[in-house]
2 protein chains.
Amino acid sequence: MPDDEFQRIARIKQRFASASQDVSLGIGDDAALLRALHGQIALSVDASVENVHFCRDFARLDVIGERAFSAAISDLAAMAAVPKAALIALGLPRELQDYELDELILGIARGAERYAAPVVGGNLSQASELSITTTVVGEVQGRALTRSGARPGDRIFVTGTLGSAALGLCLLKAGVSARGPSFVERWQNPSARIQAGLALSELASAAIDVSDGALQDLTHICEASAVGAEIRASALPLDPGYCELARAMGLDPLALALAGGEDYELLYTVPANAKACGPGTCIGEITERTGEVVVLDAAGTPMAAPLHGYRHFAG
Amino acid sequence: MPDDEFQRIARIKQRFASASQDVSLGIGDDAALLRALHGQIALSVDASVENVHFCRDFARLDVIGERAFSAAISDLAAMAAVPKAALIALGLPRELQDYELDELILGIARGAERYAAPVVGGNLSQASELSITTTVVGEVQGRALTRSGARPGDRIFVTGTLGSAALGLCLLKAGVSARGPSFVERWQNPSARIQAGLALSELASAAIDVSDGALQDLTHICEASAVGAEIRASALPLDPGYCELARAMGLDPLALALAGGEDYELLYTVPANAKACGPGTCIGEITERTGEVVVLDAAGTPMAAPLHGYRHFAG
């Protein structure tokens, strides 16, 4: 390891020297140590790679760092886990300057504080492109929310709104971000729905976070649960001004909402006889038709798959 | 995520479908779940990047996969942790073929089995170069081995032998691997010293795994412990035939043994009054001269820093 890497590690260590009663040993040894957790340990890893998941033109490096952190933590939200710690492996191109690394680290540290998930370890490596690989560790104290518990008749819900992050990304790609700053913000600075996940722990039969796009993520639930789903296009929760701006950009608002991805909202199912339904909006129902995910128009007629219409864009 | 990535994940999931009583939920949901561990949880992440940490000319992809796994697990050995699970994030260049990915995964699966650390999660991402980022999770049931407990007068030990992995890498770089197949094997297929780490848990005052080179890693212990060290060049454990082959390659055997790195042996210190000393060879003593790491020749005279003589090669 080159000398300047040790110096960089020393600086990063200082930035991440945060106290947590769960951490008995943080950055700086061969491994970090957490005190024993009483619940189940939830583990997930997520990578953000330059020019694959982000472009530096689309956000400052601190924003990219915090975004990568939120995206990783979102998987804990979808399990009803409480974040406990994170490890960050960075791939650093040779030309990355120290001040740029500091900016990135600042954003990661903001994420760690926001979700109370101290960075307890990491790795720096030279690489051709900038990448941030985040491992998150959480604790499930009650019931874990898996993808596999949806049953026919369950109602399908989603927290927040759909499509806004994807619209924000389109605005960034088109270089017209000023036309919809709030949508750009939804892409740049998503919120992992930790509190919603915990609230759903005893209630939901299945859950997933919306990262690949609502329709794709619903398909993951259907596959894991061996069921099908029907959703109503008219029921999708959309932000004010979303449809108008999407159309003005030449985009199909519905396709974008269903396939856009990166909303990091929670998509979940609730048994038909449940008295509560959590913080989300009902968008449809689970069916017995295994693997079949159908979108119904306002008249209740299955629509031609809007997902595929969107693919050429998402690809 | 492109469709073929889902297919790849499905194939990988099948390969890693291993049973472990500690794993309540493996690959395929938002996060994996481990049952509560009674001891402290040890966490570490390590990256292997093509043309930084390995070249495909130097080993088959399965060998590279298993090697990356061992390198990551080695950090758990150095903490006296028992491996419990691993997560694998892969950066995959567009031109990587499915059969090549399968080969890589085969090696990672071999590592998971070898150390009883099932792969419970992961991430696939497109990238410019092949990279394997491995997060390992272990449990420390007794006392953790940190870097910070060395005290003046403690004796310094190292398991196994030093320099052989670095010599093997030199043979590979020079394209003459047939001249020392056993040394090449030491680079290609290192062993994480889990059993040695556990045996040292109650005995050693400090420990680290030899990844950056013995002298550099000893310096890490000295810095964390605020002490110095003296090691005897003549006491370094070397493999039979090592010096001759190193010299025949135009290398300084001593510099290579001290700075070569990637041995993945354990370097540890034991209090002077301890009755046992673990599985290693004594190579020197901890001193009061904070931060000063000195190598003595056979006459007990400090040698000109052999590390720096080696740097131009290692860089």
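Tutor: We will go through the interface of chain A and chain B, feature by feature. This is a predicted model, in which local features need pLDDT of at least 70 and side-chain atom pairs count only at pLDDT 80 or more, while totals for chains, interfaces and linings use all residues. Residues are numbered from 1 along each chain as its sequence is written, chains are lettered from A in the order in which they are written, and side-chain values use heavy atoms, with hydrogens and water left out.

Student: How many residues of chain A are in contact with chain B, and what area is buried between the two chains?

Tutor: The size of an interface is often given as the accessible area lost when the parts come together. Here that area (1.4 Å probe, summed over both parts) is about 4,300 Å², with carbon and sulfur atoms giving 56%. D30(A), I41(A) and L43(A) supply 18% of what chain A buries against chain B, more than any other three residues. Counting contacts (heavy atoms within 4.5 Å), 57 residues of chain A meet 57 residues of chain B.

Student: How many salt bridges cross the interface?

Tutor: The rule asks for a side-chain nitrogen of Lys or Arg within 4 Å of a carboxyl oxygen of Asp or Glu, and it finds 4 across this interface. One of them joins D29(B) to R147(A), whose closest N and O atoms are 3.8 Å apart.

Student: Which residue types make up the side of chain A that touches chain B?

Tutor: That side divides into 29 nonpolar, 17 polar and 11 charged residues, Gly being counted as polar.
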